Amino acid sequence: MGETPIPNDIYTALHDNNFIPDPYFGSNDEYLKWIGRAPWSFFTVFNLTTEEMNKVKVIEFKGVDTIASVTVNQEFVGNTNNMFRTFAFIVNNTILRENNEVVVNIESPVNYAETQFQEYKNITGDEVPPVEAPKVQKGESHFNFIRKTQSSFSWDWGPSFPTVGIYQPVYLHSFDHFKLTQFSPYVYYSNNSFWMTITVYYYCKPDSELNIYFKVEIPEIKYRKKHYSNPKCTAFAQQLTIPEHIVPTNNIKLWYPRGYGSQTMYNITLKTTNGNKKESLTKKIGFKKVLLDQSLVNKDNITTGNNFAYYVNDIPVFLKGANFIPASVFPSKFKEKQLNFLMHSIVEANMNTLRVWGGGEWLRDKFIEAADEMGILIFHDLTFACALYPTNKEFLDNVKKEIKEQVLRLRPHASLLSFSGNNELEAAIRQQWWPSEKYNQTKQIQDYLNLMKPVLETVKRYYPSGVILRSSPSNGGAEMEVDKNPNDELFGDIHYYNEFINLYKTFNLQTPRCATEFGVPSFPLSSTMKKYVNASEYKYFSKAMLARNHHMFGVFTLPLMVMKHFSIQDTESLGSFSYLTQIHQAIALQTQIEHYRSYRSVLTEDGKGHTMCALYWQLNDVWSGITWSTIDFDQRWKVAHYYVKKAFRDVLVSMHLDEHGNLQVFVVNDLAVPLTNAKLTIEAFQLNTEFKKRLLSENKLDVAALSSRKIRTQSYSPDLSDLFLKASLFSYDKLVTSNVLSPDYLSEYLVRDVNVTVTDVVRVEHSTYKLKLLSRDVVPYVWLDLKPRLLTSDIRYHFSDNGFTILSNVTSAYLYILDGDVGDIKVDDISVCWVYNCQ
């Protein structure tokens, strides 16, 4: 028995009370499997005054994880069966006293899911896949039979911690007749006007008659709306709708995604009066127009497919961003400091969109509120991923209530862009992830549609004018069907992974309308990884490190990918190898992002192109291991995050060598204004020549607003493949942007004599430092960092650039300390390494 604050989960509670070791260390995810396989109880006491004893009492759980029964003073009051739903129970005054005990008994999620799987199989004869977790993930099976975070049973980027607990706040409401609890304003644009409808939640005394006067106010635009209702309280938990009405647009300023305008937000207040009882609630809303263009690319040739482009306030927005997995495997542990740094990192990397992946959680209030403020669009999957699901009435009723609650909660937010029904269910069916003679593809399709039809109808009911997609990936159609090829480049969005090709070569890549997943894995920074394994285990093929590689065949594909581009003497020197995996990941992501952006306004002869989104996999980590993230578990930027930042700049010059060795150059302009009187120069640098360079070309050009343009395809002699190419774009003699194309293969032999030193560190602001670096020659992939003694758990920082190639004698970089006290930074506090000597 131990004490714990609420919200919390059982793993954190046990660790805080010193009952278990750090779950994140070593192989503790396997050692602690017994926790998810056992039932647990949480209990507390509350006191009531004499006055409160005579009022209506409702105990409200905003989030219980997951299968639980609740008792008050040993009397049963209710059950919970969905982590993503609010459960409220009226407590009969006859069981209450001055001192009261509440007990929440929570079943083992692992045992519950197994039981549900077996019972469903006995009734239907179907083994709903996946029947067991992949052995490499060391996880639990049947996550699809319990409504909790699907990835908590394990995934290819994370551990198995099937949490139980009370992970959201608990409230005890005491009232006479009426209690206002929440409201959901829904703003949408239709027929040249903004409209609003409002759903109101309240508790009431059963069998009472209510007379409720509502007043809705948005003071900044002088908007007021009154409404009256006199419902009979047939059950204690109720809701009603204030009918749709026009919001005058005279004084409204629109909300824009980051990079296209301001994020104007308005306070909306709902006031209620019931008898002498007055209450009010306030939220923030924004006004925006959203359209998904899926028109024919070529009306004269329908075989070239459809567009797939989001318009926000009539502006075609190229979606630049990442996929977000759960913030933590322990859902109550993600703190405001971590959220602030993550949002800062999203903005700093020039993103405007975040895809909330379907195997995780619904986005929390604080996160989507931050997205509202910062202009980050939210592409939100419903919480279904990489599985099929039961379709019995009990399960469907449960998920429909979940969807209703979550859509109503999220729809007021200006940052919400669209909903997608699931992650990869259609792709899994068509690619036959689960071949079975009895539960064949026809049966799988039928069960999939039996799930998605009521689910998407529920979304449509409460988000009627919003963009709703059936699945991601899909061909984008609204019909209830399963696409023959959900990853068709000519329609909708795709997910693209291939670890058996050279990902530095754009001719190996697909050219879709929209890429909502793509990426490659890498190790975290050495200083992060070493905190979670014993020093003796910090080797590629050690038992501890192999246990942290949950990616199927990843132990083989990762070195094979890296060996295409770098010399690898051995993987026992894991520090050096881990840095090479980060460089490989960085360049692979940069290449794919630039490729997709280059085809924004370009079409190939067979209709490919008009690409309008690049959302890479994945932004964040839930533990320290080999994953696809660009920010590691300790919230330190990997090399890839710096490269993503450059690849997502508003103005981009992209270069690559085609299959014939010819240089192809694109210029991308995501600004809402044209780029005029521009000059583009391309220079070539070679290692071991003391920065000797050759001017390859110089062009004058204009680039239209919100467009991409192919500049040239040109051959050069001698071959450019061993050179570093630098493109610089100027407008009116001012540098707008630059970019570097590195050689496809870089031998360790060629860089054995290079060197770079940090010669000066100057504090330019309270938490900003300017670094000066000196070198006598080209130095590839230079990595700057703070010395290990400064890397405390509370520090959050990054540099202006990192993992970069030095192409001049003097180079400057900036260090930004976002959080944590590190004192005054000196030269001796900075470490520097480069391609083959980073440890």
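Let's start where two helices meet: the axes of α13 (residues 554–563) and α14 (residues 574–598) come within 10 Å and cross at roughly 70°. Keep in mind that this is a predicted model. A pair of packed helices is described by the angle between their axes and the distance between the axes. An angle from 65 to 115 degrees counts as roughly perpendicular, so α13 and α14 are roughly perpendicular to each other. On the α13 side the contact is made by L558, P559, M561 and V562, and on the α14 side by F577, L580, T581 and H584. Sort those contact residues by type and you get 6 nonpolar, 2 polar and no charged.

Now follow α14 on its own.

Is L558 buried or exposed? Buried means under 20% relative accessible area, and L558 comes in at 1%, so it counts as buried. Setting aside neighbours within four places in sequence, L558 is in contact with P521, F523, Y540, F577, T581 and I626. Two of the names there, F577 and T581, belong to the α14 side of the helix contact. There's also E499: it sits 59 residues from L558 along the chain, yet their C-alpha atoms are separated by 7.9 Å.

For another kind of setting, go to E101, in strand β8 (residues 99–106). Its relative accessibility is 30%, so E101 counts as partly exposed. Not counting residues up to four places away in sequence, E101 touches F43, T44, V45, T71, V72 and N73. Of these, F43 is 58 residues from E101 in sequence and 7.0 Å away in space, C-alpha to C-alpha.

Finally, the record. An unreviewed UniProt entry annotates residues 6–168 as "domain: Beta-mannosidase-like galactose-binding". That span is 21% helix and 28% strand, and its end C-alpha atoms lie 7 Å apart. The UniProt annotation "domain: Beta-mannosidase Ig-fold", again from an unreviewed entry, covers residues 757–811. Here the model gives 0% helix and 62% strand, with the end C-alpha atoms 10 Å apart.

Note on methods. Residues are numbered from 1 along each chain as its sequence is written. This is a predicted model: local features need pLDDT of at least 70, side-chain atom pairs count only at pLDDT 80 or more; totals for chains, interfaces and linings use all residues. Side-chain values use heavy atoms; hydrogens and water are left out. UniProt positions are given in the numbering used here, feature names are shortened, and annotations may be inferred rather than shown by experiment. Helices (H or I, at least four residues) and strands (E, at least two) are DSSP runs, numbered from the N terminus. Axes are lines fitted to C-alpha atoms, for helices over the stretch in contact, and angles run from 0 to 180 degrees between N-to-C directions. Angles under 35 degrees count as roughly parallel, over 145 as roughly antiparallel, 65 to 115 as roughly perpendicular and the rest as oblique. Contact means heavy atoms within 4.5 Å. Ala, Val, Leu, Ile, Met, Phe, Trp, Tyr, Cys and Pro count as nonpolar, Asp, Glu, Lys and Arg as charged, and the others, Gly among them, as polar. Buried means under 20% relative accessible area, exposed over 50%, partly exposed in between (1.4 Å probe, protein chains only).
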